[in-house]
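Thanks for sending this one over for a second pair of eyes. Here is my note, point by point.

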Amino acid sequence: MNLVFADAYTLNPGDLDWTPLTSLGSVTLHDRTAPDQLIERLKDADMVLVNKVKMNRQTLELLPNLRYIGVTATGYDIIDWKAARQLGIVVTNVKGYSTESVAQLTFALLLELTHRAGLHADSVRAGDWARNPDFCYWKSPLVELAGKTLGLVGFGDIGKRVADIGRAFGMNILVNRRHTDEQPPEGIRYVDQATLFAESDVVSLHCPATDENRGFVNTSLLRQMKPTAFLLNTSRGVLINEADLAEALNNGQLAGAGLDVLGTEPPAADNPLFSARNCLITPHLAWASLEARQRLLYEIVENIRAFFSGQPRNVVN
């Protein structure tokens, strides 16, 4: 086996042990691979691991030795998987490794929006409390989650975990999903998209990006939200029309947004959301806890072992 990991740094910037992977055979690790380096680095590879490196039909056709692509993530739209199938290349992904971490970050964003702990901690550090005439103060509205309505767009593993946490906070749960044949779990109501955006105090996106839903969160939909509502996105940045969201925030059409993903990553310096009112943005880190990355590495290795055994798992093509 000659395996090349084209962009290994984000999975392991130095705090994980590569041994479970490197013990499998000849493994070459590259922190990052630019598009013009890809063919040269992969030309002798039987197996490739990629996280965000794109591989289209033209690239795949220039790699005649390639028999396996392991996507070190859940989404696999970076790969022309149909072309890979036609060329006899198995493509696998990893599911479920980041569910707990993404759900946790979803609520970290929401709790920061509702209580602004960071803002108040900075204020105390700046001496505002020491100078205050009263025993307490607050610099922004403080919002209690109990009794509020949480609307989830998408109800896969992460959406279900976010619903669990929301219910623990005493929130009512609405869900908009593609398949509603079965009865919803107790305490959860399935609704259409318009109803969810209109009735929710918090809307959280947990769905994959498709050609049909790119930019679906736009001016029309945002205008249906309560002016006191919050929008969260720890899913895919392209689900939101960013210019429309920035305008809605600046016009007070909703109270705030918490985003871990943007349409282009890294984003342009002039992204309108950077200066939008009450918009929290984190750098696509929801998946990246130490524990989640340890699970991801373990599953990557298990996928490769299964491929060696002739019974590949988590195949997407």
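1. Ground rules. This is a predicted model, in which local features need pLDDT of at least 70 and side-chain atom pairs count only at pLDDT 80 or more, while totals for chains, interfaces and linings use all residues. Residues are numbered from 1 along each chain as its sequence is written, and side-chain values use heavy atoms, with hydrogens and water left out.

2. The chain overall. The protein chain has 12 helices and 12 strands; these are DSSP runs numbered from the N terminus, with helices being H or I of at least four residues and strands being E of at least two. Taken along the principal axes, its C-alpha atoms fill a box of roughly 70 × 50 × 35 Å. Of the 317 residues, 46% are buried; buried means under 20% relative accessible area, exposed over 50%, and partly exposed in between, with a 1.4 Å probe and protein chains only. Among contacts with a separation of 6 or more, 60% come from residues 24 or more positions apart, where contact means heavy atoms within 4.5 Å.

3. Helix H5 by itself. At 1.5 Å a residue, the 17 residues of H5 should span 24 Å, and its end C-alpha atoms are 24 Å apart, which agrees. The expected span is 1.5 Å times one less than the number of residues in the helix. H5 is mostly covered, with 12 of its 17 residues buried; among them are Val102, Leu105, Phe107, Leu109, Leu110 and Leu113, along with Glu112.

4. How H5 meets H8. Helix H5 (residues 99-115) packs on helix H8 (residues 157-168) at an angle of about 50°, and their axes are 9 Å apart. That makes H5 oblique to H8; angles under 35 degrees count as roughly parallel, over 145 as roughly antiparallel, 65 to 115 as roughly perpendicular, and the rest as oblique. The axes are lines fitted to C-alpha atoms over the stretch in contact, and angles run from 0 to 180 degrees between N-to-C directions. The crossing of H5 past H8 is right-handed, meaning that the near helix is turned clockwise from the far one by less than a right angle.

5. Who makes that contact? On the H5 side, Thr99, Glu100, Val102, Ala103, Thr106 and Phe107 take part, and on the H8 side Asp157, Ile158, Arg161, Val162, Ile165 and Gly166. By class, this contact of H5 with H8 has 6 nonpolar, 3 polar and 3 charged residues. Here Ala, Val, Leu, Ile, Met, Phe, Trp, Tyr, Cys and Pro count as nonpolar, Asp, Glu, Lys and Arg as charged, and the others, Gly among them, as polar.

6. Two buried residues worth a look. Leu49 lies in strand S3 (residues 47-50) and is buried at 1% relative accessibility. Leu49 and Ile69 are 20 residues apart in sequence, with their C-alpha atoms 5.8 Å apart in space. Beyond four places in sequence, Leu49 touches residues including Leu3, Phe5, Leu21, Ile300 and Ile304. Ile79 sits in the loop between strand S4 (68-71) and helix H4 (81-86), and it too is buried, with a relative accessible area of 4%. Not counting residues up to four places away, Ile79 touches Val50, Val53, Met55, Ile69, Val71 and Val91.

7. Arg305 on H12. Arg305 lies in helix H12 and is partly exposed, with a relative accessible area of 41%. Leaving aside neighbours within four places in sequence, Arg305 is in contact with Pro20 and Leu24.

8. Backbone spots to check. Most residues other than glycine have a negative phi, and most peptide bonds are trans. His284, in the loop between S12 and helix H12 (290-308), has a positive phi of about 50° and is partly exposed at 22% relative accessibility. Asn314, in the segment after H12, has a positive phi of about 55° and is partly exposed at 28%. Glu265 and Pro266 are joined by a cis peptide bond with omega about -5°; Pro266 lies in the loop between strand S11 (256-259) and strand S12 (279-281).
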